[in-house]
Amino acid sequence: MNPTVDIIYQYFPNLTEVQKTQFAQLAELYPFWNNQINVISRKDVESLYLHHVLHSLGIAKYVMTFAPGTRILDVGTGGGFPGIPLAILFPEVKFHLVDSIGKKIKVVREVASALGLENVEADHIRAEQLDDKYDFVVSRAVTRLADFAPWIRNKFLKQDKNGIPNGILYLKGGDLKEEIKESRLKAELHPLSDYFKEDFFETKYVVYVPM
């Protein structure tokens, strides 16, 4: 039995009615668009709320909140993860979702439009080609940290306005000791099992790297 949207309501009990409706809409939007443009593996669509939506919101459990006007770049967003769930949760934060595959960005735009998310901008572009600066860069296991860091090293605003310094918030699973050592980054590992009780999260982390 795969979790429904209720799992989101359970872990985030203070959602507005608008946010509850937006999260519920994902159950129709993603299967519809996924049938046309494959952004989630077919069998994984059934686990949408556990494997994709709640996983994305692990960043929110660690950070707790973002200051209004915070600018966040989602690199290699695919179908909009973690950017879309975070944009629903933080309507006063600006999200820029980018991917090198154009048809995935089409799905992101369609989903954001259907949800009425005015805080989401989506572009078919590589992170290295961007000139803008952001408070945080988020991503979900796009590549090894040693390869990821150079793409976004110069993309950060100098002024901090949140509870933690500007930096990378990376969702990744498995044994990450070697990967972090290889990257030479001062990374902090925050286990998602601290926030979520489901077995799926046992070996998954938010990797925070102050920049």
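**Figure 1. K172 and its salt-bridge partner E179.** K172 is buried in this predicted model, because its relative accessible area is 13% (buried means under 20% relative accessible area, exposed over 50%, and partly exposed in between, with a 1.4 Å probe and protein chains only). Its partner is E179, and the closest N and O atoms of this salt bridge are 2.8 Å apart (a salt bridge being a side-chain nitrogen of Lys or Arg within 4 Å of a carboxyl oxygen of Asp or Glu). E179 is buried too, with a relative accessible area of 6%. A word on the ground rules: the model is predicted, so local features need pLDDT of at least 70 and side-chain atom pairs count only at pLDDT 80 or more, while totals for chains, interfaces and linings use all residues. Residues are numbered from 1 along each chain as its sequence is written, and side-chain values use heavy atoms, with hydrogens and water left out.

**Figure 2. The salt bridge of D175 and K177.** Here the side chains of D175 and K177 meet, with an N to O distance of 3.9 Å. Are these two residues buried or exposed? D175 counts as exposed because its relative accessible area is 63%, and K177 is exposed as well, with a value of 63%.

**Figure 3. R144 and E182, a link between distant parts of the chain.** The side chains of R144 and E182 form a salt bridge of 2.9 Å, N to O. This pair joins distant parts of the chain: R144 sits in the loop between β4 (136–140) and α7 (145–152), E182 belongs to helix α8 (residues 177–183), and the two are 38 residues apart. Helices (H or I, at least four residues) and strands (E, at least two) are DSSP runs, numbered from the N terminus. R144 is partly exposed, since its relative accessibility is 36%. E182 is also partly exposed, at 42%.

**Figure 4. A149 in helix α7.** A149 is found in helix α7. With 1% relative accessibility, A149 counts as buried. How far apart are the C-alpha atoms of A149 and I168? They are separated by 8.6 Å, and the two residues are 19 residues apart along the chain.

**Figure 5. H52 and the residues around it.** H52 has its place in helix α3 (residues 48–56). At 7% relative accessibility, H52 is buried. Which residues does H52 contact, leaving aside its neighbours within four places in sequence? They are I40, D44, S47, F81 and R140, where contact means heavy atoms within 4.5 Å. For a sense of scale, H52 and R109 are 17 Å apart in space, C-alpha to C-alpha, and 57 residues apart in sequence.

**Figure 6. The cis peptide bond between F81 and P82.** F81 and P82 are joined by a cis peptide bond, with omega about 10 degrees. P82 lies in the loop between β1 (71–75) and α5 (83–89).

Figure 7. If you check backbone torsions, have a look at A141, a residue other than glycine whose phi is positive, near 50 degrees. A141 is in the loop between β4 and α7. Its relative accessible area is 43%, so A141 is partly exposed. R184 is not a glycine either, yet has a positive phi of about 60 degrees. The loop between α8 and β6 (188–191) holds R184, and this residue counts as exposed because its relative accessibility is 78%.

**Figure 8. The setting of the close-ups.** The protein has eight helices and seven strands. Its radius of gyration is 16 Å, which agrees with the value near 17 Å that a compact globule of 211 residues would have; the radius is taken over C-alpha atoms, and the globule rule is 2.2 Å times the number of residues to the power 0.38. Taken along the principal axes, the C-alpha atoms fill a box of roughly 40 × 35 × 30 Å. Buried residues make up 52% of the 211. Among contacts between residues at least 6 apart in sequence, 70% join residues at least 24 apart.
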